[in-house]
Amino acid sequence: MNSTTALAWFARHELRLAWREWLAIMTAGRRGRKRAALIAVIVFAAIMHLPAYAVIGRFATLELPLDRSALIVMTAAIFLAWALMLSQAIESVTRVFYARADLDLIMSSPARLADVFSVRLVSIALSVTAMALLLSTPFVDVLVIGGGLRWLAAYGVVVAIGLSAAAIAIALTVLLFRLIGPSRTRLVAQIVAAVIGAGFVIALQIAAIMSYGTLSRFTVLSSDAAAAFAPEPASLVWWPARAALGEIEPLLVIMAGALVLLGLVMTILSPRFADVAVRASTNAAPNDQRSPARAFRAGSQRQALRRKEFVLLRRDPWLVSQSLMQLLYLVPPAVMLWRSFADSTLAIVLITPVVVMAAGQLAGGLAWLTISGEDAADLVTSAPLSPSRMIRTKIEVVLIAIGLMFAPLIFALLFASLPQAVVTALGVIVAAASATAIQLWFRVQARRSQFRRRQTSSRLATFAEAFSSIGWAATGALALALPIGALITGLITAAILAATWKISPQRE
Amino acid sequence: MKPVESALQVRGLTKRFDRLAVDALDLTVQPGEFYALLGPNGAGKSTTLRMVAGLLRPDAGTVGVFGIDALANPLAAKRIMAWVSDEPMIYDKLTPLEYLEFVAGLWAIDPAISEPAAHELLFSLGLQPHLYERCEGFSKGMRQKVALAGALVHDPRLIILDEPLTGLDAVSARHVKGLLGDRVRAGCTVIMTTHILEVAERMADRIGVIAAGRLVAEGTLAELRQQNGHHSLEDMFIALVGAETETAAA
């Protein structure tokens, strides 16, 4: 086999691995579900055309030349998509660094490592780009149907977004390795990914609240102030937007730019990638995480279990990054709350659904980690503690953690509006309890490290959890604005929960 | 005179998954005995011990642990038992000491007793330099030793071990064997599955051979030699298991 054939063969191998990993996530690791998963993806993509139409259908008729406001909104949307892709790419890169178990085989083979790792980098870039294309297809389709074939150029922009996001993600992760070492890179990369993914939207929301007292991001983007600060229409800043609208020259330039960027990253980093990958796999969890010496503490069996759960939650990298993200999402409502002290506004009601939704989502994750993600299941099962007491203790841990996280915000809300604070507190409790109950009904034995796959192990539980959080968030908001509406949404959400319980495996 | 209670008395224990895994098994282990349970892969050894440890509910049969009906009163039985599986499942984010503190807490052991015991166990297993390091970077052998220390920290009367020497180096294996030997000499009962016949030969007071979910031979090494006419345990094992496998296949 010559080197080109060998590389092509390795590329096929990499793509096959990526495909199977994706398929395993989609089918929850169960064989024989390939067709069902593929049909589900197609149906999902078809359904996604509806929200896509609702969001950007009205922009389909846009034509060049655009005014500054339209350019700003479009460029911001493209930047947001790029930031989300970068966030996803960082997650993919760290997964490849830490999770692939074939390094020994690759390193011991007679293949040239720089070439092999170049292929691996390209495969990461292609995976990220494929995901970008998959997610953007409904949006671009809507634009093509409504505004003509010129919008097909948007696919080129999506490809450029995917390739450049992958290139930056690889460079950023390798840089983190150099700066802080392999053990901390995993956690920091997750946090960076979360911050990048959410940061742009949140910054826009805070700007909107500070300037206009609203949570709408478009208010800032389409404001006169933004237009006044924006560069001239001929500026390079607008080229991605112009490319998406079908202008050939900017399209070719940004696609070429993305390819050159990826090429540069590969040329510079491929020779070092082997070193980084080996250090990540052998040193992913070095013994530099020490805990201070202290005496054993007395207490009941349940106290011992609670202590263990709290220590593990505190030391869980996923939880740290997710909590940070939830806290970031809570920053805009907190800013709005702070602003409302000076300037009373009805918009403060919006805080309640955001907080309730965040509590439900976080409780779902926490409940999975404590109830299903028990790493020493045999130990806990063989202990002289009844299963019901054990589960009760774990539920307590979830609810206490949620209480600790959300109590300060609700306490602050007390000063702005007592009824709203009460409604928000009730919403948080009910949403957290519902999400925990769903995780309890659908519990499976798993390792904590399998957290990423929790949403595919039971799609029913995932959807039920999402609908429950959304339902209780809506109920909370309506309880403050339209109580009769709250009664209806509350009953619907309770019915969803009852139906979920009825078909849950734990009921059998 | 009060009759001596068996450390373990299993009668008619049955478990079926896709096929019959354990088939009306009877087994008795005396207090202070080191009992080795041998058998080929899939013979039902682990399933049997998991049912004894309360990790799996049998379809039929009884399990008595020092006179306690383990199926009717599982918490009382668990209080005096310890289980170590072949896959050491410990918490990556806890240190060995924190893990042992948690185990001692689950068994409601007074810290005044469990803390010195934990230090002594970890020291005897060679984990002294790693007391305050999180287990996430530990090798399989180190994790196995932490799991074993966890099983011993609450001073159980019956220790059940499923392939405890898997993944241990020679020095660690000797540490573990020494520790188990000490416990047996102190009156503790040990039941262990192993594929390392030499360990069973050297350490076990009695050996049981299980195949296709049934106990096909049992006794001291000398008794087994006498019954089967083979000098080495390996020859005996292959003869017993091979014959049983052929019968099952027929």
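Predicted model: local features only at pLDDT ≥ 70, side-chain atom pairs only at ≥ 80, totals over all residues.
In chain B, 4 strands make up an open sheet, arranged in the order S2-S1-S4-S5 with antiparallel pairing. Strands S2 (20-29) and S5 (68-69) of chain B each have a single partner strand and stand at the edges, so one side of each is left without a neighbour in the sheet. Within this sheet, S1(B) and S4(B) are joined in the antiparallel sense over 5 bridges. One position in this part of the sheet is B:Thr14, whose bridge partner in S4(B) is B:Ala60.

Strand S4 of chain B, residues 60-65, also pairs with S5(B), again in the antiparallel sense, over 2 bridges. Here B:Val65 is placed opposite B:Ile68 of S5(B), and B:Gly64 has B:Asp69 in S5(B) as its bridge partner. The two strands form a hairpin with 2 residues between them, and in this hairpin B:Phe66 adopts a positive phi near 50°. Helix H1 of chain B, residues 45-52, lies across S1 (8-16), S2 and S4 of chain B. The direction of H1(B) is at about 120° to S1(B).

A further open sheet of chain B contains 6 strands in the order S6-S7-S8-S3-S9-S10, and its pairing is mixed. Its edge strands are S6 (81-84) and S10 (214-219) of chain B, each of which pairs on one side only. From one strand to the next, the twist averages 15°. Strand S3 (residues 34-38) and strand S9 (residues 206-211) of chain B pair in the parallel sense, with 4 bridges. At this pairing, B:Ala36 stands opposite B:Ile207 of S9(B).

Two helices of chain B are described against this sheet. Helix H5 (residues 140-152) of chain B packs on the sheet and touches S6 and strand S7 (158-162) of chain B, with a direction that makes about 170° with that of S6(B). Helix H8 (residues 221-228) of chain B lies across S9 and S10 of chain B and runs at about 110° to S10(B).

Helix H6 of chain B, residues 170-185, has 16 residues. From first C-alpha to last, H6(B) reaches 22 Å, close to the 22 Å expected at 1.5 Å a residue. B:Ser172, B:Val176 and B:Leu180 are buried in H6(B). Viewed down the axis of H6(B), its buried residues fall within an arc of 70°, so they line one face of the helix. These buried residues pack against H5 and strand S8 (189-193) of chain B. On the face of H6(B) turned away from the buried side are exposed residues, including B:Arg174, B:Asp182 and B:Arg185. Among the others exposed there are B:Ala170, B:Val171 and B:Gly178. Just after H6(B), B:Gly187 has a positive phi of about 105°.

Between the chains, 30 residues of chain A are in contact with 34 residues of chain B. On the side of chain A that touches chain B, the elements giving two or more residues are helix H12 (301-314) and helix H15 (377-381) of chain A. H12(A) gives the most to this side, with 6 residues. Sorted by class, the side of chain A that touches chain B comprises 16 nonpolar, 8 polar and 6 charged residues.

Definitions and conventions:
Residues numbered from 1 in each chain as written. Chains lettered and ligands numbered in written order. Pairing = 2+ DSSP bridges. Contact = placed C-beta atoms within 7 Å. Axes fitted to C-alpha atoms, helices over the stretch in contact; angles between N-to-C directions. Expected span 1.5 Å × (residues − 1). Buried ≥ 20, exposed ≤ 12 C-beta atoms within 10 Å, placed from the backbone. Arc of directions from axis to C-beta. Nonpolar A, V, L, I, M, F, W, Y, C, P; charged D, E, K, R; others polar.
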